[in-house]
Amino acid sequence: MDDKLLESWNSIVEELKQDNTRLEACKDIFLFVLKCFCASLEKSQNFDEILKCFEIAIEFYGQNSDILIELGTFFAKFNRDVEAKEIFMQAFENDKRNLRAYQCLENLKSKIPRWHFRMLNDDARNDSFRKAINYWIENEGKSQVLDIGTGSGLLSLYASKCGKVEKITAVESDSTMCSIATKVFSDNDLQSKNKIELINKNSTELEIKDFQKKFDLVVSEILDCGVFGEGILDTFLHAKENLLHKEGKIVPHKVRIYVSGYNSKYLCSNNILLNDTFNEYIFLDNYRLIGEKNEPYDAEYVDKIKDFRIITNTLMVLEVNFNSIKSMNQHFDGIIMKNFQLTSNSNDFLDGFVVWFDLLLNEKDPLNYISTKPSAESCWNQAIFKLRERVLLQRYQILKLTISCRNGILKIDHEIDEHLDTKYFEVNSLILKFLNDEEYLENLEYAANEYKTEITNVLDLSPFPYIGFLFLKESRIKGHLWCSRIHENLLKILASKNCIDEEKFVFIDESDLTEISDAAVTFELIILNPFNELGDLNSEVCCNYQIYQKFLTNENCLLIPYKISLFGKLINSDWLSSSCKVTSEEMKRLKIDKYMNEYSTQIFLDIYPDLNYECLTDDFKINAIAFDDQYHEKNVQPFMRNINLPCNAILLFFKIQFTMRTNREFPLIRKTFSCFSKFAHVFSKDILINNTHAKINFKQNYGVIKLDCE
Ligand SMILES: C[S@@+](CC[C@H](N)C(=O)[O-])C[C@H]1O[C@@H](n2cnc3c(N)ncnc32)[C@H](O)[C@@H]1O
């Protein structure tokens, strides 16, 4: 624990105890000391002491929203998410204008992956599992059931409806999901009948000595789009070797994996540099920028991507039997490496490979299977293995590939994009998306060029300091280009290839403005990025805007953007709605919707540009974004073009005015490729609007936006 912080904490607490008339005046400083002191306690994992500090804080200030937000944040940091959620809810309830509380609540809820909602709304998936479970219990007398990864408890509920079931053990590794399953089981009266036991553990930690009997049926759905990503082989091998009776069965029974080659410029846009203008201006030599590979494959709903096309034949390449230890072991260890060939069916660019699977639920019922192929509209998306370059294929060209599941992760090997003389430099996908948005860059450059007089310093905090770099290359910056430290390695390489002195860069931590304040530097040009990766407003940049203004040399200097306006349209989209909340009738009957929907969120980011929906209004302007941390509110009444369908979301995008002089508002979402995504606020209930105009309520506070509709 930091002694100085302890001293500051003790002294402010003492001061306020002795003179409580100073409470209001000292509130900000008290909160600051509380936060710093608790952060130091957090380092030594001293949660009990943190709680004691907050008890004192609440004694002084009551259930103040800002204090509750800090308290909730500590609960979340210590993985006490269920309590954190209650605290954030209380903070928002106590002060509905405090949208930071709303943001914390939304963030916390989205710790439960959103696919849980789509999955529970997938009636075909649910039905297949229900039928297979029913068959093995009722027809084959399997009565001791282990549900691995019970989630909200659905498969256990299916088992519980079977007359011949004796005991169900549900195991779930995630504590929040476990808390939901507890409520679902209790509301379905299962726990009181002693029929079910719920264990908050990973199934691989279970030992059979803790149970009276071995299980004779394992039911489990732990498949990601690349089949093995959630550790299914490891989990099932452990279950089969340790927990399951030798006559026991696993549902699902088998998986068959399919592969095709695809073409999609849209999917390349965050992985490959496609912008020819960049290559004209900035010399890369034998370097090529490619998207960082944090995951072995990406997950995409390819049927939501208009330009996605399959351009080879499709092959079934792997089959794994979950009821065979041998089959699972051979795949897990990567012993099975299947060589296969795909043939191109057009003269086109190959951009990568798409994988999907068929899941066969029951060996006795071959017709009971789930397909995750693109047109099947299942809750699963497809696994995308991207190439590092677009490779031009000739029709009938043969591609040699190998597929395996090394260390439990699906892998496709090939030499299609190998170039020995090319050096690949991995960058964050947002940088590539930004550099590929030629229209935005053109407008940004045009705006920055408005500053005609001599430039000493530039601060460029765009996703990549492209404009700043161009200005350096054109020797227009006499002093330095200040930019984020995350670009240091790449900028040093680019500097050496483009004859720019490394000394011209100053790298900073962009979230810490004290580095700039301490240097007492001023800028003639500042470029900010007020949006985050997924399309939403970056609240921190928004709140700090006025501080950035103070770093300008004089009033003729440019701070870009000058203005941002929020636009939207009311829509009807079942897809969006079912991605954010449980809507299935069956889930309502099983009372799963009630507890899952406590975690449904309003904000849906990064929407596919070609998502289908019904428009209920035209695009309308909602409000200009205020660059401060104050509370703002406005009502807007758009004309309803369609009153026959319920409204379930407002689809949103921004327009940006780069400088004061360019009074054109440039839309961030365009028909051609754009770096920024649409996003939506999905309403908790479908709203039928019978009037000619809807009522939209817009709120902004701390750079956070909240929208409601009547
Ligand atoms: C895809 S969900 C399925 C939920 C539910 N069974 C259903 O079908 O609706 C998988 C769940 O399994 C959990 N999980 C994955 N592997 C697990 C394991 N080995 N042991 C316990 N839980 C696991 C995850 O946390 C997640 O909640």
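This is a short chat about the chain shown above.

Colleague: What kind of model is this, and how are residues numbered?
Modeller: It's a predicted model, where local features need pLDDT of at least 70 and side-chain atom pairs count only at pLDDT 80 or more, while totals for chains, interfaces and linings use all residues. Residues are numbered from 1 along each chain as its sequence is written, and side-chain values use heavy atoms, with hydrogens and water left out.

Colleague: OK, how many helices and strands?
Modeller: 23 helices and 32 strands, taken as DSSP runs numbered from the N terminus (helices H or I, at least four residues; strands E, at least two).

Colleague: And what share of the residues is buried?
Modeller: 57% of the 710 residues, with buried meaning under 20% relative accessible area (1.4 Å probe, protein chains only).

Colleague: Which helix is largely enclosed, and why?
Modeller: Helix 17, residues 466-473, because 7 of its 8 residues are buried. The buried ones are Y466, I467, G468, F469, L470, F471 and L472.

Colleague: What comes just after helix 17?
Modeller: S475, which takes a positive phi of about 55°.

Colleague: Switching topic, which residues does the UniProt domain annotation cover?
Modeller: The unreviewed UniProt entry puts "domain: Protein arginine N-methyltransferase" on residues 301-407; such annotations may be inferred rather than shown by experiment.

Colleague: How much helix and strand in residues 301-407?
Modeller: 7% helix and 47% strand, and the end C-alpha atoms lie 26 Å apart.

Methods: Buried means under 20% relative accessible area, exposed over 50%, partly exposed in between (1.4 Å probe, protein chains only).
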